[in-house]
Amino acid sequence: MTVKVYGFVGSNATYRVMASLYEKNVDFELVTVNMAAWEHKRPRFLARNPFGQVPAFEDGDVSLFESRAITQYVARKYAGKGTELIMKDPIQMAIQTVWMEVENQKFDRASWKLTEIAMHRVRGGPELVAEYEKKLSDVLDVYEARLTENKYLAGDSFTLADLHHLPNINFLMETRVRRLFEARPHVRAWVADITSRPAWVKVMSLSPW
């Protein structure tokens, strides 16, 4: 059966899942959810994700939601295909998990708030922008130190720890926040590397912007 992703082009969380599928060379169907028509709040979609958020995911009898959980399923289910996105060694996997948690708990919180402000989804004056730029800068300082020692966050190979950053980074690099990434040479090189991966370029080729 065809893998299905219920989301839409332009959704950061949907992009995250699509990137993982392209990295693993897994064919899938993107089923567009019309958010403007509130399709994500209708019973048919809520049966797939009771929180009414995209994406939802189906692979045969498997039904999932939450983008980071979906990418981990994809990485493990299709371990023999495409890019190895999960470390096999238990110690390396623990290190990878640390950086996946950092992305989710530290990087995403600051970067997503700045994304929302830039998209005018929330009101944000200079003080709020400065607050979240400081939070993001603190995270990027840690990344700069980490990437001085390793090519990627989890080690010397690209993993989900890096992939999960891509949607927010991609957006912020088109805003004034770009300077925070470019001010740190190892972070700058890492961003250039992961955003130029063929799987991500393929995702972005679908973007309407």
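Predicted model: local features only at pLDDT ≥ 70, side-chain atom pairs only at ≥ 80, totals over all residues.
**Exercise 1. At what angle do the axes of helix H5 and helix H9 cross, and how far apart do they come?**

Residues are numbered from 1 along each chain as its sequence is written, and side-chain values use heavy atoms, with hydrogens and water left out.

*Step 1.* Find the helices: H5 covers residues 126-149 and H9 covers residues 185-195. Helices (H or I, at least four residues) and strands (E, at least two) are DSSP runs, numbered from the N terminus.

*Step 2.* Take the axes, which are lines fitted to C-alpha atoms, for helices over the stretch in contact, with angles running from 0 to 180 degrees between N-to-C directions. The axes of H5 and H9 come within 8 Å and cross at roughly 80 degrees.

*Step 3.* Classify: H5 is therefore roughly perpendicular to H9. The cut-offs are under 35 degrees for roughly parallel, over 145 for roughly antiparallel, 65 to 115 for roughly perpendicular, and oblique for the rest.

*Step 4.* Look at who touches whom, contact meaning heavy atoms within 4.5 Å. Leu140, Tyr143, Glu144, Leu147 and Thr148 of H5 meet Pro185, His186, Val187 and Trp190 of H9. These split into 6 nonpolar, 2 polar and 1 charged. Here Ala, Val, Leu, Ile, Met, Phe, Trp, Tyr, Cys and Pro count as nonpolar, Asp, Glu, Lys and Arg as charged, and the others, Gly among them, as polar.

**Exercise 2. Work out how H1 and H3 pack.**

*Step 1.* Their axes lie 9 Å apart, at an angle of about 5 degrees, so H1 and H3 are roughly parallel to each other.

*Step 2.* On the H1 side the contact uses Ala13, Arg16, Val17, Ser20 and Leu21, and on the H3 side Ser67, Arg68, Ile70, Thr71 and Val74. That set divides into 5 nonpolar, 3 polar and 2 charged.

*Step 3.* Check burial in H3 (residues 67-77): Ser67, Arg68, Ile70, Thr71, Tyr73, Val74 and Ala75 are buried. Buried means under 20% relative accessible area, exposed over 50%, and partly exposed in between (1.4 Å probe, protein chains only). Besides H1, the buried H3 residues pack against strands S3 (56-59) and S4 (62-65), plus H4 and helix H6 (160-163).

**Exercise 3. How many residues does the largest nonpolar core have?**

*Solution.* The largest nonpolar core has 55 residues, and those with the most contacts inside it are Leu21, Phe57, Leu136, Tyr143, Phe181 and Trp190. Helix H4 (residues 90-118) gives the most to this core, with 8 residues. A nonpolar core is a set of buried Ala, Val, Leu, Ile, Met, Phe, Trp, Tyr and Cys residues joined through side-chain atoms within 4.5 Å.
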